Every structure is written in C-alpha cells, then in structure tokens.
Amino acid sequence: MWAYKKQLQYPINIRNKDLKMAKFIVTQFGGANGELGASLRYITQRYTMPDNKGKALLSDIGTEELSHLEMISTMVIQLTKDATIKELKEAGLEAHYTEHGFSLFPVDSNGVPFTAQYFAVTGDPVADLAEDMAAEQKARATYEHLMSLTEDPDLLAPLSFLRQREIVHYARFKELYDEYVEKYYKPDLNENPSM
Ligand SMILES: [Fe+2]
C-alpha cells in the first residue's frame, strides 16, 4: 500500500508560461525514459527479485518515481497555465489540444503515446537491473537535454533535482546489480545443460 503526502518532493513554482518547454518536458511523463515508465517498471519488476533486499529497493525507487511523475505533471500544468489557442498553435500543440484539450496525457516530446513496452520486464533479476541502470542513465541524459533548452531558474532547479535523483538511483541499482551478478549470473552455457 501507499501513504500519500500532499506535498511535492521538491517545490515547483514556475512564474513564466512556456508552452514549448511544456511540450518537451512532457516526455518525462509519457516518454520511453520518463517517470511513468520508470515507476511502473520498478513496481512490476519487484515481484521477481530474488530476495527482500531487491524487492525493497525496487519498491522504494518505484515509489519515488511516482512522486517525480507528480513533479513533472505540475511543471507541465504550470507552464501551460492560461495559455491561449494562438500560443498553443505557436508551440505546435494543436494536435494535443484536439485530442486532450489542456489536460495532461502521457506522450513524449514528439507526441508519441506511452506504451506498456516501456515496462521492459524480463523476470531475470540481472537483466532487469541492467535495464534499470540504463533507464536511469537515459533519464539523466534527458534531464540534461531539457536543462540545456531553458534558462528559466524556476525550471532549472527542479530539473536539476530530478537529474540528481537519477544519478542516485543508478548508483543504488548498480550496487544491487553487482551483488546479483556475483550470486546469480551464469554466463557459461555449459553450466546450464538444459540450454
Ligand atoms: Fe530514477
């Protein structure tokens, strides 16, 4: 179960409307390297981790990613607050408006909708943790790309916080990955006669 705290993990107070940045940042909601995919991937993978340590780590990080999803959603909503149709058109958001009005929808910055394929669950703890480490690095890179597209300090501060969390998550996954490789990884097919 989850206990909900009615408070963002990091405060979001964006003063300047910026529809183009909203269009780009939404990828961290519904894109391949975004927070929705990360959180659902981890809280799904956790059931097939081989011990309680792995299950707990995946639950912890999957839960934190949900709070990052909330931050990203808040950023997009604040960036588009009081937008006019003319401003939407100038930012290339007419198609989004046609389908979803001013609401959020999980898409990437090209408008490609979220897919369950982003979960990337194999049931093999070493393969899944390798996926998770790559996912954290891709999320870090995406946050860096977003940071290079804006000079607004109201955006840079939360983006920098989120980038930093991806670095911490990568380190925590790598620590568990190294432990599981030691314990469970059998790369020599001769050790597995059923193959
Ligand atoms: Fe993360």
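This is a predicted model: local features need pLDDT of at least 70, side-chain atom pairs count only at pLDDT 80 or more; totals for chains, interfaces and linings use all residues.
The chain contains eight helices and zero strands. Read from the N terminus, its elements follow the order α-α-α-α-α-α-α-α. The C-alpha trace spans about 65 × 35 × 30 Å along its principal axes. Of the 195 residues in the chain, 33% are buried. Contacts between residues at least 6 apart in sequence were also examined, and 77% of them join residues at least 24 apart.

Helix 8 covers residues 153-184, which is 32 residues. At 1.5 Å a residue, a helix of this length should span 46 Å, and the end C-alpha atoms of helix 8 are 45 Å apart, so the two values agree. The buried residues of helix 8 are Leu155, Pro158, Leu159, Leu162, Arg165, Glu166, His169, Phe173, Leu176, Tyr177 and Tyr180. An α-helix has 3.6 residues a turn, so residues three or four places apart point the same way. The buried residues of helix 8 pack against helix 1 (19-25), helix 4 (52-79) and helix 7 (125-148).

Alanine 157 lies in helix 8 and has 15 C-beta neighbours inside 10 Å, so alanine 157 counts as partly exposed. A residue is buried at 20 or more such neighbours and exposed at 12 or fewer. Aspartate 178 also lies in helix 8, and because aspartate 178 has 11 C-beta neighbours inside 10 Å, this residue counts as exposed. Distances to residues elsewhere in the chain were computed for both. The C-alpha atom of alanine 157 is separated by 26 Å from that of leucine 58, and these two residues are 99 residues apart along the chain. For aspartate 178 and tyrosine 143, which are 35 residues apart along the chain, the C-alpha separation is 26 Å.

The axes of helix 4 and helix 8 come within 11 Å and cross at roughly 165°. Angles over 145 degrees count as roughly antiparallel, and helix 4 and helix 8 are therefore roughly antiparallel to each other. Their crossing is left-handed. On the side of helix 4, the contact is made by Gly54, Leu57, Ile61, Glu64, His68, Met71 and Met75, while helix 8 contributes Pro158, Leu162, Arg165, His169, Arg172 and Leu176. By class, the residues of this contact between helix 4 and helix 8 are seven nonpolar, three polar and three charged.

Helix 7 and helix 8 pack with their axes 8 Å apart, at an angle of about 160°. Helix 7 and helix 8 are therefore roughly antiparallel to each other, and helix 7 passes helix 8 in a left-handed crossing. The contact of helix 7 with helix 8 has 20 nonpolar, three polar and seven charged residues.

Helix 3 comprises residues 35-45, and its buried residues are Glu35, Leu36, Gly37, Ala38, Arg41, Tyr42 and Gln45. The buried residues of helix 3 pack against helix 2 (27-30), helix 4 and helix 7. The axes of helix 3 and helix 4 are 8 Å apart, and the two helices pack at an angle of about 160°. Helix 3 and helix 4 are therefore roughly antiparallel to each other, and the crossing of helix 3 with helix 4 is left-handed. In this contact, Glu35, Leu36, Ala38, Ser39, Tyr42, Ile43 and Gln45 of helix 3 meet Leu58, Ser59, Ile61, Gly62, Glu65, Leu66, His68, Leu69 and Ile72 of helix 4. The residues of the contact of helix 3 with helix 4 comprise nine nonpolar, five polar and two charged.

Two loop residues were examined for their backbone angles. Most residues other than glycine have a negative phi. Aspartate 82, in the loop between helix 4 and helix 5 (85-90), has a positive phi near 60°. Aspartate 82 has 7 other C-beta atoms within 10 Å and is therefore exposed. Alanine 120 lies in the loop between helix 6 (94-100) and helix 7. The phi of alanine 120 is also positive, at about 50°, although this residue is not a glycine. With 17 other C-beta atoms within 10 Å, alanine 120 is partly exposed.

Conventions:
Residues are numbered from 1 along each chain as its sequence is written. Helices (H or I, at least four residues) and strands (E, at least two) are DSSP runs, numbered from the N terminus. The expected span of a helix is 1.5 Å times one less than its number of residues. Two residues are in contact if their C-beta atoms, placed from the backbone, lie within 7 Å. Axes are lines fitted to C-alpha atoms, for helices over the stretch in contact, and angles run from 0 to 180 degrees between N-to-C directions. Angles under 35 degrees count as roughly parallel, over 145 as roughly antiparallel, 65 to 115 as roughly perpendicular and the rest as oblique. A crossing is left-handed if the near helix is turned anticlockwise from the far one by less than a right angle, and right-handed if clockwise. Ala, Val, Leu, Ile, Met, Phe, Trp, Tyr, Cys and Pro count as nonpolar, Asp, Glu, Lys and Arg as charged, and the others, Gly among them, as polar.
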